[in-house]
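Please read it alongside the sequence and the model.

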Amino acid sequence: MNNNLIQYIYGIADNSLILGQRLGELCGHGPSLETDIAMTNISLDLFGQVRSYFQYAAKLIGGDATEDTIAFLRKEREYKNVLLVEQPNQDFAYSITRQFLFDVYHLLVLEELQNSKDETLSAIAKKSIKEVSYHTRFSSDWIRRLGDGTEESHNKIQTAINDLWIFTDELFHQTDADKAMVAEGIGVDVTLLKGTYFKKVNEILEEATLEIPTIEYFQKGGKQGIHSEHMGYLLAQMQYMQLAYPNMNW
Amino acid sequence: MSEHEVKNLEAIFDARIARDEKIEPKDWMPEKYRQTHIRQISQHAHSEIVGMLPEGNWITRAPSLKRKVALLAKIQDEAGHGLYLYSACETLGVSREELYDQLHSGKAKYSSIFNYPTLTWADMGAIGWLVDGAAIINQVPLTTTSFGPYARAMVRVCKEESFHQRQGFQIMMTLAEGTPEQKEMAQDALNRWWFPALMMLGPTDDASVHTEQSMKWKLKRKTNDELRQQFVDQTVPQAHMIGLTIPDPTLKFNEETKHYEFGELDWDEFWQVVKGHGPCNKERISARKNAWDNGKWVRDAAMAYAEKQANKEVKQAI
């Protein structure tokens with residue numbers, strides 16, 4: 001069993017799992033029917049990707065592991081998503097900013113991951129690129145609209161950008177498993193994506209007439225399984241059925 | 001237009017419907033036809049979007065990834081149905097904002113069943129199986145209704161609803177074949193949803209105010225009681241097949257009529273819920289109203305941005 005590969009997969013797939021879960025909370029509560037449908041659609045895409053990653057991880061783990069034991073039965077410290085994706089849905093400005101800051105990163109990662117020596121990861125990346133290109137377009141368009149819309153929307157989205165900016169640096173951190181996988185030609189070296197990421201993000205912020213935050217202190221921890229206080233509650237809901245009714249088929 | 005001319009138009013209009021021709025938005029139509037369609041189609045659209053809430057209550061807690069994805073997709077379909085139905089309604093000269101206002105103020109109704117709470121995962125099965133099952137029985141005849149946009153929307157809606165109904169039944173079947181706890185969960189859900197589902201098909205014929213006119217306009221092909229009987233006859237054998245018990249001790253099959261006979265429904269409860277006093281009426285409306293009110297700044301920004309973009313294009317063109 002290649003533990004580094006499994007940890008590497010968690011590092012990628014947990015981002016989609018936790019962000020999908022956050023988006024799922026919004027279903028039925030969107031600012032318009034059209035955005036509601038679009039956000040649910042993004043959530044669906046992310047969960048679809050999670051299933052592919054976890055089915056693969058389950059095969060690597062062997063035994064009784066399934067996509068569901070991986071998704072629902074790990075302890076909080078074993079989830080390796082970045083802090084950004086677990087941040088709560090305070091309002092549409094936060095939800096769409098979180099989405100935007102993640103989407104730009106996600107697309108860059110997938111574009112590299114499609115060249116992975118691991119055929120399964122490469123195939124999942126190829127399939128996901130199309131979906132995530134759409135997510136990026138959707139969230140970037142909303143950043144432009146809200147930034148260059150009304151004064152109220154401009155202020156709200158600027159606040160969300162400022163508040164969530166502290167979570168962007170962690171996107172480019174590497175765990176030991178990440179480094180091992182990069183060395184084997186399986187993983188993506190995210191440190192190389194940082195320049196392109198901020199260039200792309202800053203371009204959209206400028207088009208949206210928004211200020212690029214000048215923040216020097218960042219938060220990290222998610223990639224090491226050290227999450228925010230929000231994470232426990234998110235998992236409490238997500239794991240509820242599996243914990244209350246263990247070992248059953250649904 | 002003189003009274004005589006209107007009468008003439010009405011006669012032509014009635015004849016078109018009798019010949020099964022579709023009425024399109026730009027065609028002349030009696031004001032009552034327009035109003036009745038706005039009322040019914042918007043009520044239907046509201047039911048779709050309010051109906052997202054009780055199921056949305058279980059997205060974050062779905063027991064497996066597969067079920068979570070299926071539930072999200074189902075709710076997204078409902079949002080899509082809401083969207084076509086609001087659009088069909090808008091062709092009758094009413095705006096979506098007005099329709100939402102009617103929902104939020106309580107002036108417009110939606111299917112009363114969505115005022116019941118979803119308490120366990122089995123409720124996702126029961127809603128798909130029973131609520132979507134009853135909805136299909138109500139809606140299939142509407143695929144041939146006289147108003148074109150409504151009829152066409154219903155073709156797609158019914159296809160998707162029948163998929164949802166099978167999906168719901170499959171959730172119930174999995175539970176019924178599962179552990180004793182799961183089977184109990186399924187039976188409990190059936191116990192709670194059975195009678196509200198029967199009442200979804202509307203008041204008894206003697207208490208239904210809209211039937212006669214609606215039959216003429218093909219908004220209805222069968223009476224509420226006929227539809228209810230069809231639902232019971234179709235659903236009881238499905239419950240038996242998966243080993244669940246219909247919570248009606250008086251239920252029996254009549255060999256002569258070949259129909260199931262069932263007990264009295266609690267119409268007092270029905271009217272209580274319809275009038276706004278069900279278990280979740282207040283939560284449902286306030287969830288919709290909050291979504292709309294909290295989203296105002298987002299919609300305003302989108303409009304302001306679109307205007308700015310249009311102005312830029314005009315300037316560039318000059």
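A:Arg22 is buried, at 6% relative accessibility, where buried means under 20% relative accessible area, exposed over 50% and partly exposed in between (1.4 Å probe, protein chains only). This is a predicted model, in which local features need pLDDT of at least 70 and side-chain atom pairs count only at pLDDT 80 or more, while totals for chains, interfaces and linings use all residues. Residues are numbered from 1 along each chain as its sequence is written, chains are lettered from A and ligands numbered from 1 in the order in which they are written, and side-chain values use heavy atoms, with hydrogens and water left out.

**Salt bridges within chain A**

- A:Arg22 pairs with A:Glu25 in a salt bridge, with 2.8 Å between the closest N and O atoms; the term stands for a side-chain nitrogen of Lys or Arg within 4 Å of a carboxyl oxygen of Asp or Glu.
- Both A:Arg22 and A:Glu25 belong to helix 1 (residues 3-25) of chain A and are 3 residues apart, about one turn of the helix; helices are DSSP runs (H or I, at least four residues) numbered from the N terminus.
- A:Glu25 is partly exposed, with a relative accessible area of 31%.

**Salt bridges within chain B**

- B:Glu24 and B:Arg152 form a salt bridge in which the closest N and O atoms are 2.8 Å apart.
- B:Glu24 sits in the loop between helix 1 (3-18) and helix 2 of chain B and B:Arg152 in helix 6 of chain B, so the pair ties together parts that are 128 residues apart in sequence.
- B:Glu24 is partly exposed at 25% relative accessibility, and B:Arg152 is partly exposed at 48%.
- B:Lys258 and B:Glu255 meet through their side chains in a salt bridge (3.3 Å, N to O), and B:Glu255 is exposed at 54% relative accessibility.
- A network of salt bridges links B:Arg16, B:Arg19, B:Glu21 and B:Asp27.
- Over all chains, the count comes to 28 salt bridges.

**Interface of chain B and chain A**

- In chain B, 48 residues are in contact (heavy atoms within 4.5 Å) with 48 residues of chain A.
- About 4,100 Å² is buried between chain B and chain A, and carbon and sulfur atoms give 70% of this area; buried area is the accessible area (1.4 Å probe) that two parts lose on being put together, summed over both.
- Between chain B and chain A there are 2 salt bridges.
- The side chains of A:Glu34 and B:Arg96 form a salt bridge (2.5 Å, N to O).

Definitions and conventions. Helices (H or I, at least four residues) and strands (E, at least two) are DSSP runs, numbered from the N terminus.
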